Amino acid sequence: MPRKTLTRRSMLKKVGLVSAGAAATVMGPWRHNRVYAAASDKPIMIGLTSDASGQYANSGASDRRGMMMAISEFNERGGVLGRKVETIHIDTETTPATGSRVAERLITRHECAFLIGAVSSGVANAISQVAQKYGTVYLNTNSSSPTESGKNCRRVKFVWDGNGTNFAQAAVRNAISAYGTKWMLMTNDYVWGHNTSAATRKLVDQFGGEIVDEILVPQGTRDFSAMLLKVQQAAPQVVAAAVGGDDQKAMRQQVSQLGLGESMAWINNQQDWPDVYGLPLDNLFGVFGTTWYWKLDLPGVAEFVERYQEAYPDTKMRVPGNVFYNGYMATRELLSAVERAGSTNNRKVIQELESLKVSASDRMQHHDAYMNPATHQMQQTIYLATANQGTQNPDDMFRVLSQSAPEEIRDADADAACMMESLDDTPTYEM
Amino acid sequence: MASGESVAARWVSRQMVLLLVVLATLPLWIESIGLYPYLGVEIAIWMIYGLGFNLLLGYSGLPSFGHGAFFGIGAYAFGLFQLRVFESLFLGIACAVTAAFVAGAIVACFLSHRRGIYFALMTIAFGQVFWFISIKWHTLTGGEDGLLNIPRPAFELGVASAGLGSNTALFYFVLVVLAVVLVALWRLVHSPFGKVLQAIRQNEVRARFVGYNVWLFKWTVFAISAAIAGLAGSLFSMAQQSAYPDVMSLHASGIIVMMTLIGGGFVSFWGPVIGVAVYFLARDVLGAVTETWLLWFGLIFVLAVLFKPEGIAGAWQQHVGSGDRRSLARRAVAGFLSAGRK
Amino acid sequence: MSHVLPHLLNGLSLGLLFALIALGFMLIVGVMELINLAHGSLFALGAYFAMVIISPDLAWLGAAGEAWAVLPLPVRYGLAVFLAPVLVAIVGMGLELCMRRTYGKKAEYGLLLTFGAALVIEETIRLVWGPSEQYLQVPQAISGAFLFAGLIYSKYKLYAALFAVGAIAAVWLFLERTPYGAIIKAGAHDSEMVRALGINLTRLRLLVFGLGAGLAGFAGIVMTPIWGLRPHVGIDAVIPAFLIIVLGGVGSFWGAVIGGILVGLAVGFTGAYASELSLLSMYLLLIAVVTFRARGLLGRKSGLEA
């Protein structure tokens with residue numbers, strides 16, 4: 001690969017001048033293949049795109065702590081490829097339009113080699129679209145919408161959380177045999193909710209259950225009383241809820257007040273740790289999915305928790321949760337991939353990540369995990385958990401019920417839905 | 001310095017030339033002050049949006065808190081045209097402007113016989129309805145994931161043609177649009193039509209007694225303002241290459257009100273231009289320094305309302321008007337800012 | 001019918017809560033012709049204050065904190081319900097002192113100032129208590145569920161509706177039975193008339209703003225066990241409040257109460273029978289009413305129409 005001493009900024013300036021000077025020049029689609037000098041003493045800059053305000057501010061903070069811990073571990077060992085890793089964080093405000101602007105800024109002004117972080121799928125899409133334009137590798141750490149590794153997959157984007165379909169796969173068959181076949185769905189009336197409910201519906205049909213009704217919950221709902229009355233009137237055996245964000249927090253509170261969590265079985269798609277940490281245990285009802293728990297009985301977990309507590313002694317959240325874990329794991333695997341590739345060249349890093357395999361012990365999960373090269377989603381163990389009633393330890397909120405291997409909970413539709421740009425169509429760079 | 005009246009009579013004012021020159025050279029110096037070309041694209045787009053919005057708020061005294069809806073409609077219309085019909089820059093923009101105009105015209109039928117707080121809340125209600133539709137109709141709009149992969153069609157005019165793939169190229173295209181909007185709005189507010197709008201702002205009842213069809217004027221200005229928002233929206237969807245429901249949210253609609261007022265939309269034609277520049281720069285500069293930038297911005301905002309309620313433009317006018325030692329430069333700036341109003 | 005009745009009752013109780021949320025907003029808009037966009041932030045602030053007061057973890061208060069911690073929850077809760085709104089009222093009065101600079105100017109400046117204040121209060125909450133979800137402890141006696149005609153209802157919701165009725169009655173008594181109320185009803189924005197009646201306008205405004213803010217804080221305390229608590233919870237309160245006032249008509253006490261109940265019924269019934277429209281229903285209701293009635297249901301002429 002030819003190496004010219006061109007920085008990204010001077011490159012962009014040149015492009016700017018050319019187009020300014022000659023408006024009649026035909027500027028084809030943005031498909032320059034750029035190579036930058038990678039002076040070995042120059043730090044590797046990583047842009048952190050987690051939300052610091054808006055609906056997912058709290059999860060965003062946890063996500064970011066995960067990334068930072070992984071990065072500081074590499075820096076303590078002398079950096080990556082002998083280069084120090086530096087970060088810059090800009091708030092994406094849980095707003096896609098802001099995500100676009102932040103990504104433009106991080107890539108063009110701060111010359112970030114990689115971007116990491118997302119909770120909201122809208123923000124993740126906005127960032128990944130800009131990242132794809134420049135070829136910048138982007139890690140979607142915590143957005144669990146099935147569209148992320150399906151319809152909206154990208155060559156430069158890698159998804160590290162389990163998605164709605166995975167969690168439904170893990171829960172539905174067990175719930176039908178344990179609780180009954182008469183099901184009701186409560187679905188947030190937007191894309192994530194509909195995708196998740198569609199996955200649940202398919203599985204319920206497949207295993208002989210029946211869906212008696214589906215209640216659509218508009219985004220921004222704060223009062224669930226009318227809907228919960230309707231649930232009672234229909235008296236299902238199982239309610240499968242795909243309600244997220246602040247809506248979920250309000251719903252949880254109201255369901256627990258009614259004690260409905262005990263009178264019928266509830267399946268909550270996924271429960272992010274930062275959303276429940278510190279709340280009364282009553283608020284956790286039914287069965288829900290997660291990718292990791294801090295009291296998993298596996299080697300390394302306890303040390304990991306200790307490292308967290310050492311790194312963040314002042315944080316209110318005393319133990320790491322799934323959001324932190326995903327942020328940490330994604331970042332660690334990216335930096336390891338850069339080391340294996342021996343370069344920050346994006347194509348080499350993408351190829352490394354596409355063939356990524358991580359052993360169960362490295363993942364601190366029950367099964368080996370691997371990157372699906374067709375969808376760029378990490379295939380990993382999914383746990384089902386419930387409230388740990390009767391515990392004396394306020395941090396020990398979950399009781400893990402079961403774990404499913406990646407093959408059992410595979411999102412089979414994603415492969416067909418995902419049409420990724422080819423590697424050749426992705427601009428290349430090396431920072 | 002020419003008097004306000006004769007400046008108003010011109011097609012192109014000195015202020016416009018100054019603004020456009022500053023913006024035209026922006027790609028040459030924006031990186032040396034630590035910013036990036038893409039920011040210039042967004043600033044220019046929001047200036048268009050703000051100028052159109054101030055036609056309602058500043059000139060007609062009609063507070064619209066749901067204007068993001070029309071911005072969003074423009075963005076979706078442009079994107080859908082490119083993705084579903086065919087790729088064309090000018091037809092796409094025309095489609096966006098028309099869609100926003102039609103939506104604005106329909107909404108205005110409900111609004112134009114309402115005033116003050118009732119007008120304001122009806123705009124919120126309609127804004128929410130459009131926002132709801134954009135989330136709900138996700139087979140068309142992509143829901144919260146947004147409408148993605150919107151192309152930036154090439155600029156083609158006769159034999160000349162230019163790609164808008166790079167942010168700098170797009171910036172110059174937006175700048176040309178901004179120039180056209182500036183001239184058009186400048187003429188509009190200084191036309192007899194603009195005078196009637198200001199009369200309505202000062203006293204709607206009197207304007208009606210004088211014999212103007214106030215309803216029709218309000219209807220027209222609302223639809224025009226919506227169309228300009230749609231134009232800005234179409235450019236925004238090009239800049240972002242996607243369209244999202246969030247630009248239609250109450251929050252986003254509130255921000256354009258804030259930008260217009262903080263710049264001094266009530267007292268100057270240039271209020272929204274200044275407000276947009278200040279807001280974007282503050283957000284980018286403060287936002288990189290501190291995560292609690294909104295707190296600081298809010299505090300500055302409160303202080304500004306308390307001590308300089310006419311906004312930045314108003315503050316300048318006062319500052320210059322009060323002092324004896326009037327330097328040429330200061331007078332020039334004051335003239336710049338007051339040129340929009342008598 | 002047996003299926004409809006629960007939803008009717010639920011809609012009514014929801015309506016009372018909506019009326020409660022709008023009360024403080026109504027008072028300020030009616031008397032001062034000022035749209036208080038900080039209403040939502042004051043609502044949130046009330047809940048956060050109550051949370052701190054109820055919390056047994058007041059170690060930073062030393063011995064007093066320890067004495068406080070041993071008090072039973074119902075006592076702490078009862079005191080919080082009183083104290084927190086008073087604290088919010090004080091914050092509100094501080095805001096009113098700032099507002100004075102905008103009197104006599106365009107109405108928009110008051111609106112802008114309260115908007116800025118809303119930003120500052122919300123960001124301060126985020127800074128002090130963090131972005132995460134919090135909760136408000138509620139005494140055992142008023143939480144939990146009860147069974148009625150085969151369906152489970154929330155006991156707390158019932159008490160919350162009673163709180164709302166109490167607040168509505170108190171505001172009504174204030175308006176009907178105090179000299180201030182008479183002034184307010186006479187049209188307090190007409191300062192000459194007020195002075196002629198021998199009332200100190202400056203004090204009236206301070207009082208009304210404090211009362212309005214306190215009511216916002218009280219509504220926040222009542223709603224938190226239902227909605228949950230996070231820094232940006234205010235937006236969920238200020239928009240319905242604004243909407244209910246316009247729906248009911250600016251300057252009308254009963255307009256606000258009826259507006260609240262109508263919104264509650266609309267949200268309740270759509271929640272049951274067309275749940276995806278339940279949030280939109282209040283906006284559609286507003287459009288339907290204001291399209292045909294220029295000043296909402298019971299509005300009177302007001303400076304806010306100009």
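A residue is called buried here if 20 or more other C-beta atoms lie within 10 Å of its own, exposed if 12 or fewer do, and partly exposed in between, with the C-beta atoms placed from the backbone. By that count, buried residues make up 60% of the 342 residues in chain B. This is a predicted model, in which local features need pLDDT of at least 70 and side-chain atom pairs count only at pLDDT 80 or more, while totals for chains, interfaces and linings use all residues. Residues are numbered from 1 along each chain as its sequence is written, and chains are lettered from A, with ligands numbered from 1, in the order in which they are written.

Let's stay with chain B for a moment. Chain B holds 17 helices and 2 strands, where helices (H or I, at least four residues) and strands (E, at least two) are DSSP runs numbered from the N terminus. Its C-alpha trace spans about 60 × 55 × 50 Å along the principal axes. The radius of gyration is taken over C-alpha atoms, and the globule rule is 2.2 Å times the number of residues to the power 0.38. For 342 residues a compact globule would have a radius of gyration near 20 Å, and chain B agrees with its 20 Å. Two residues are in contact if their C-beta atoms, placed from the backbone, lie within 7 Å. Of the contacts in chain B with a separation of 6 or more, 75% are between residues 24 or more positions apart.

A315(B) sits in helix α16 (residues 311-322) of chain B. Is A315(B) buried or partly exposed? A315(B) is partly exposed, because 17 other C-beta atoms lie within 10 Å. Leaving aside residues up to four places away in sequence, A315(B) touches K308(B) and E310(B). The C-alpha atoms of A315(B) and G142(B), 173 residues apart along the chain, are separated by 44 Å.

Now for chain C, which has 12 helices and 2 strands. Along the sequence these elements follow the pattern α-α-α-α-α-β-β-α-α-α-α-α-α-α. Chain C has a radius of gyration of 20 Å, close to the 19 Å that the globule rule gives for 306 residues, so chain C is as compact as a globular protein of that length. Its C-alpha atoms fill a box of roughly 60 × 50 × 35 Å along the principal axes. Of the 306 residues of chain C, 56% are buried, and 77% of the contacts between residues at least 6 apart in sequence join residues at least 24 apart.

Chain A brings in more detail. Chain A has 15 helices and 15 strands. Its radius of gyration is 22 Å, close to the 22 Å from the globule rule for 431 residues, so chain A is as compact as a globular protein of that length. The C-alpha trace of chain A spans about 70 × 50 × 35 Å along its principal axes, and 60% of its 431 residues are buried. The pLDDT (the predictor's confidence in each residue, from 0 to 100) has a mean of 88 in chain A, with 91% of residues reaching 70 or more. Over residues 1-39 of chain A the pLDDT is below 50, and this stretch has 69 contacts in the model beyond near neighbours in sequence.

Chain A is divided into domain 1 (1-162 + 296-380 + 421-431) and domain 2 (165-290), with bounds that come from an automatic or database domain assignment. In chain A, 14 residues of domain 1 are in contact with 18 residues of domain 2. On the domain 1 side, α2 and α12 (322-341) of chain A each supply at least two residues, and α2(A) gives the most, with 3 residues.

Between chains, 34 residues of chain A are in contact with 31 residues of chain C. The elements giving two or more residues to the chain A side are α2 (57-76), β7 (210-217), α7 (225-234), α8 (245-258) and α10 (273-276) of chain A.

Finally, look at the nonpolar core, a set of buried Ala, Val, Leu, Ile, Met, Phe, Trp, Tyr and Cys residues joined through C-beta atoms within 7 Å. The largest such core has 345 residues, and those with the most contacts inside it are I45(B), A100(B), L121(B), A22(C), I245(C) and V246(C). This core draws at least three residues from each of domain 1 and domain 2 of chain A. Not counting residues up to four places away in sequence, L121(B) touches F242(C), L243(C), V246(C) and L286(C).
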